[in-house]
Amino acid sequence: MAPGRRIPKGTDSLHITVVQGSILESRVEAIVNAANSLGYMGGGVAGAIKRAAGIEVEQEAVRQAPIPVGSAVLTSGGATKFAHIIHAPTMPQPSMAIPVTNVALATRAALRLADEKGLASIAIPGMGTGVGGVAHAEAAAVMLKEIKEFQGKSLRSVILVDVDPAMIEAWNGNL
């Protein structure tokens, strides 16, 4: 794990760590899937999570659909080591180009749901930077803005994790 940065929040703090690697190797209670509103888990990070977790996780998400951009749902972790997977849509339909505002909305929704469910740690991949077409620097800036402004009760640690070195560089440039 790379060194992180603690963001003061009154008497509490939220620890942000940036890591290059697979989200599936994170040591957290829940991982975030940059989803679509239908709950389908096709390619990219969603596909990797589905392959590791099993089809039942996608079925759990689809049963809760439609999931509007700006909200999130919780499923089991399936066959993964995670207690939960948070599905935070960045797009209404699969494989859509999106505006950067959707990245901010999805990040905020994931943080809010994690905190509401009493989770202390989550891992989030680069949101919207694959088929969504959002530039790494734009996504990193809005994701970190949302994380730094987040005022939660239980959430203490956010790991930003991606296999793409460009995403890592963008996050580190915005810490």
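**Close-up views of a predicted model**

View 1. Isoleucine 124 has leucine 160, in β7, as its bridge partner, and β6 and β7 run parallel, joined by 4 bridges (strands pair if DSSP finds at least two bridges between them; helices, H or I of at least four residues, and strands, E of at least two, are DSSP runs numbered from the N terminus). From β6 the chain passes through α4 to β7 in a right-handed β-α-β crossover, that is, with the strands pointing away from the viewer, the path from the first strand over the helix to the second runs clockwise. The model is predicted, so that local features need pLDDT of at least 70 and side-chain atom pairs count only at pLDDT 80 or more, whereas totals for chains, interfaces and linings use all residues. Residues are numbered from 1 along each chain as its sequence is written, and side-chain values use heavy atoms, with hydrogens and water left out.

**View 2. The two faces of β7.** In a regular strand the side chains alternate between the two faces of the sheet. In β7, Ser157, Ile159 and Val161 on one side and Val158, Leu160 and Asp162 on the other are all buried (buried means under 20% relative accessible area, exposed over 50% and partly exposed in between, with a 1.4 Å probe and protein chains only).

**View 3. The largest nonpolar core.** Among its 38 residues, Ile86, Ile122, Ile124, Val158, Leu160 and Trp171 touch the most other members; such a core is a set of buried Ala, Val, Leu, Ile, Met, Phe, Trp, Tyr and Cys residues joined through side-chain atoms within 4.5 Å. Several elements give two or more residues to this core, including β2 (12-20), β5 (84-91) and α5 (165-174), and α3 gives the most, with 8 residues.

View 4. Glutamate 146 is buried, at 8% relative accessible area, whereas arginine 108 is partly exposed, at 35%. Lysine 145 and glutamate 149 also form a salt bridge (3.1 Å, N to O), and because they are 4 residues apart in helix α4, about one helical turn separates them.

Key. A salt bridge is a side-chain nitrogen of Lys or Arg within 4 Å of a carboxyl oxygen of Asp or Glu.
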